[in-house]
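Reader: I am new to this structure and would like to know what stands behind the words used for it. Please set each word against its definition.

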Amino acid sequence: MPARPALQPGERVLVATRAHGARLLRPFLVLLLVVFALSLAQRALELRWRPVAEPWITVHAALDLVLLVAAAAGLLHWCLRPLLRWWRTRYVLTTRHLVLVRPGGPRRDVALPLEQLLRAVVERPRGPSLGRRDGRVVADFGPLGGLRLEHAPEADRLAELIRRAADDQRAGGSGGGAGDRRPTRVGQDEVVAPRPGPSVLSRRPWGRRTVPQEQE
């Protein structure tokens, strides 16, 4: 199981979940495509060219092995890696922080204090929902930046819990300041607000033009 974030004294976990399984749709489709392409290529190789003498028998076997290696590399990159990333990434709401737990250990986690929350809203893609209740939860923490939780399950409920926990934190007094934890590297799920400067226009922190993407 993915590691839980380190909690401060008196801090409790309210919600710990991961992205909806819909996030695995693309890796699943890639898996089907790779398996189909491999089967088609092996069948074509077998029907079009069936050598009966050396060294062509060895060359035929080598080509078959190359196809297997290429398929395995594709599955590793486009299927297994996204699956492990999905499994080891968690969205955690505590009584003091909204935390994105990512693979790679605590140094890669991103946690922002609820007392700085400005708003938490749900963004859904256009088109029919087909009964799905997942969505993109965008939590804006003002100058600290924000978190964009893709395919959050029960998105409306999660956003409501985030807002309620932030209200409770502000009402009960600050239990952990913004300096307790700071955003680390920026990945596809989290957004760090742009630093103000003379040549930088003020933009929404989760706008595409201001979000650096982490290279896989």
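Author: Gly135 is buried, because its relative accessible area is 5% and buried means under 20% relative accessible area, exposed over 50% and partly exposed in between (1.4 Å probe, protein chains only). This is a predicted model: local features need pLDDT of at least 70, side-chain atom pairs count only at pLDDT 80 or more, and totals for chains, interfaces and linings use all residues. Residues are numbered from 1 along each chain as its sequence is written, and side-chain values use heavy atoms, with hydrogens and water left out.

Reader: Which residues is Gly135 in contact with, leaving aside its neighbours within four places in sequence?

Author: Contact means heavy atoms within 4.5 Å. Gly135 has such contacts with Glu123, Arg124, Leu149, Glu150, His151, Ala152 and Ala155. Gly135 lies in strand E6, residues 135–140; strands (E, at least two residues) and helices (H or I, at least four) are DSSP runs, numbered from the N terminus.

Reader: Is Asp134 buried or exposed, and why?

Author: Asp134 has a relative accessible area of 6%, so it is called buried. Asp134 is found in the loop between strand E5 (119–123) and E6.

Reader: What makes the pair Asp134 and His151 a polar contact?

Author: A polar contact is a pair of N or O atoms within 3.5 Å; within protein, one must be able to donate a hydrogen and the other to accept it, and residues adjacent in sequence count only if both atoms are side-chain atoms. The side chains of Asp134 and His151 are joined by such a contact at 3.2 Å. His151 is also among the residues that Asp134 touches, not counting those up to four places away in sequence; the others include His20, Ala22 and Arg124.

Reader: Why does the span of helix H1 agree with its number of residues?

Author: The expected span of a helix is 1.5 Å times one less than its number of residues. Helix H1 (residues 25–48) has 24 residues and should span 34 Å; its end C-alpha atoms are 34 Å apart, so the two agree.

Reader: Which residues of H1 are buried, and what do they pack against?

Author: Pro27, Val30, Val34, Leu38 and Leu45 are the buried residues of H1. They pack against helix H2 (56–88).

Reader: Why is Leu31 called partly exposed?

Author: Leu31, which lies in helix H1, has 33% relative accessibility and therefore counts as partly exposed.

Reader: How many helices and strands are there in the protein?

Author: The protein has three helices and eight strands. Of its 216 residues, 37% are buried.
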